[in-house]
Amino acid sequence: MDEIDRAIINTLQGGLPVCERPYLAAAQALGVDEATLLTRLQAMLASGLLTRIGPLYQIEKMGGAFTLAALHAGAQDFEHVAQAVNALPEVAHNYQRDHALNMWFVLATESPEQIADVIRKIEQDTGCEVFNFPKSREFFVELKLQA
């Protein structure tokens with residue numbers, strides 16, 4: 001990652017301009033052309049340096065819900081369980097961890113009541129007990145990279 005990539009990440013964390021061509025406006029603010037910005041973003045996504053580019057919503061203000069959940073999947077069943085969990089459209093992220101609860105995932109639903117329904121479905125589909133860790137406080141964490 002070079003200084004331009006760091007500047008792109010640092011700048012875009014604050015949001016894209018709301019206009020007809022947001023990437024052009026962002027590129028101009030960064031002192032590069034739009035094609036360069038888009039090429040660099042695509043390269044960072046392809047390499048895994050970035051996993052997504054998009055807005056973050058406070059889903060609760062729109063009537064929906066998020067929760068962090070975890071389960072234990074045996075080593076021999078881990079891939080099968082991960083596929084079953086990831087097949088659900090409500091699963092936003094899924095991470096393997098070196099912990100007794102070795103699979104952690106975020107559920108995003110259109111209503112708070114749906115969280116329990118999705119957890120029940122995961123338990124039925126996988127045979128694994130799901131532990132629900134709903135958000136009690138919200139924190140804003142911003143990563144700023146040194147140039």
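Modeller: This is a predicted model. Salt bridges link D2, D5 and R40 in a network.

Biologist: What makes D2 and R40 a salt bridge?

Modeller: The closest N and O atoms of D2 and R40 are 3.0 Å apart. The cut-off is within 4 Å, so the pair counts as a salt bridge. D2 lies in the segment before α1 and R40 in helix α3 (residues 34-47), so the contact ties together parts that are 38 residues apart in sequence.

Biologist: What joins R40 to D5?

Modeller: Another salt bridge, with 2.8 Å from N to O. D5 lies in helix α1 and R40 in helix α3, so this pair ties together parts that are 35 residues apart in sequence.

Biologist: Why is D5 called buried, and why is D2 called partly exposed?

Modeller: D5 has a relative accessible area of 12%. Buried means under 20%, so D5 is buried. D2 has 33% relative accessibility. That value falls between the 20% and 50% limits, so D2 is partly exposed.

Biologist: How many salt bridges does the structure hold?

Modeller: Six. One of them is formed by the side chains of R21 and E34, at 2.1 Å from N to O. R21 lies in the loop between α1 and α2 (22-30) and E34 in helix α3, so the pair ties together parts that are 13 residues apart in sequence.

Biologist: Are R21 and E34 buried or partly exposed?

Modeller: R21 has a relative accessible area of 43%, and is partly exposed. E34 is at 18%, and counts as buried.

Biologist: How many aromatic pairs are there, and why is the pair of W104 and F133 called stacked?

Modeller: The count comes to one aromatic pair. The rings of W104 and F133 are 5.3 Å apart, centre to centre, with 20° between the planes. Centres within 6.5 Å make a pair, and planes under 30 degrees apart count as stacked, so both labels hold. W104 lies in strand β3 (residues 103-109) and F133 in strand β4 (residues 130-133), so the pair ties together parts that are 29 residues apart in sequence. F133 is partly exposed, with a relative accessible area of 35%.

Biologist: How do you know that β2 and β3 are paired strands?

Modeller: Five bridges join strand β2 (residues 91-96) to β3. The rule asks for at least two, so the strands pair. They run antiparallel, and form a hairpin with six residues between them. W104 in β3 is the bridge partner of Y95.

Terms used
Residues numbered from 1 in each chain as written. Predicted model: local features only at pLDDT ≥ 70, side-chain atom pairs only at ≥ 80, totals over all residues. Heavy atoms only, no water. Phe/Tyr/Trp six-rings, centres within 6.5 Å; stacked < 30°, edge-to-face > 60°. Helix = DSSP H or I, 4+ residues; strand = E, 2+ residues; numbered from the N terminus. Buried < 20%, exposed > 50% of the residue type's maximum accessible area, 1.4 Å probe, protein only.
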